[in-house]
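User: I am new to this structure and would like to go through it step by step. Please begin with any term I need.

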Amino acid sequence: MRTGQKHFGVELTNWAIWYQAPAIVKSVYDKRIVGCPGGEGEDEHDVVWFWLEKGKPHECPVCSQCFKLDVVGPGGPPDGHGDDH
Ligand SMILES: [Zn+2]
């Protein structure tokens with residue numbers, strides 16, 4: 001079942017590789033919004049939201065975790081108007 005374009009955030013399965021490699025964020029578009037909540041326990045921080053773009057790894061300014069976009073399929077610009085609520 002697909003969750004649609006309003007599903008933001010990083011899959012929890014990526015948490016385990018945080019300290020060894022960039023977190024890979026899959027997207028069907030060339031960019032998407034990603035939220036970083038930090039690690040577990042004392043490494044946790046308020047969720048920071050940012051746009052992650054294809055070919056442009058992003059480092060969280062709070063915990064320095066690196067994110068990398070993995071485009072699934074043909075990619076392209078995000079559908080919709082970017083409006084929330
Ligand atoms: Zn972070």
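Analyst: Strands here are DSSP runs of type E with at least two residues, numbered from the N terminus. Histidine 45 is found in one of them, strand 3, which covers residues 44–53. The model is a predicted one.

User: What is the mean pLDDT of the chain?
Analyst: pLDDT is the predictor's confidence in each residue, from 0 to 100. In this chain 69% of the residues reach 70 or more. Where pLDDT is low, the predicted coordinates should not be read in detail. The mean pLDDT of the chain is 80.

User: In which order do the 3 strands of the open sheet stand?
Analyst: The pairing in this sheet is mixed. Strand 1 (23–27) and strand 4 (58–59) each have a single partner strand, so one side of each is left without a neighbour in the sheet. Both of these strands therefore stand at the edges, and the order is 1-5-4.

User: Which residue in strand 5 stands opposite glutamate 59?
Analyst: Strand 4 and strand 5 (residues 66–71) run antiparallel and are joined by 2 bridges. The residue in strand 5 that stands opposite glutamate 59 is cysteine 66.

User: What is the largest C-alpha distance among the residues that the UniProt annotation "binding site" covers?
Analyst: The annotation comes from an unreviewed UniProt entry and covers Cys36, His45, Cys60 and Cys63. These residues are spread over 28 residues of sequence, yet they cluster in space. The largest C-alpha distance is 10.8 Å.

User: Which residues does histidine 45 touch, not counting residues up to four places away in sequence?
Analyst: Histidine 45 has 14 other C-beta atoms within 10 Å and is therefore partly exposed. With residues up to four places away in sequence not counted, histidine 45 touches Pro37, Gly38, Val62 and Cys63.

User: With which residues is cysteine 63 in contact, leaving aside its neighbours within four places in sequence?
Analyst: Cysteine 63 is found in the loop between strand 4 and strand 5. It has 15 C-beta neighbours inside 10 Å, so cysteine 63 counts as partly exposed. Leaving aside neighbours within four places in sequence, its contacts are Cys36, Gly38, Gly39, Asp43 and His45.

How values were computed:
Residues are numbered from 1 along each chain as its sequence is written. This is a predicted model: local features need pLDDT of at least 70, side-chain atom pairs count only at pLDDT 80 or more; totals for chains, interfaces and linings use all residues. Two strands pair if DSSP finds at least two bridges between them. Helices (H or I, at least four residues) and strands (E, at least two) are DSSP runs, numbered from the N terminus. UniProt positions are given in the numbering used here, feature names are shortened, and annotations may be inferred rather than shown by experiment. A residue is buried if 20 or more other C-beta atoms lie within 10 Å of its own, exposed if 12 or fewer, and partly exposed in between; C-beta atoms are placed from the backbone. Two residues are in contact if their C-beta atoms, placed from the backbone, lie within 7 Å.
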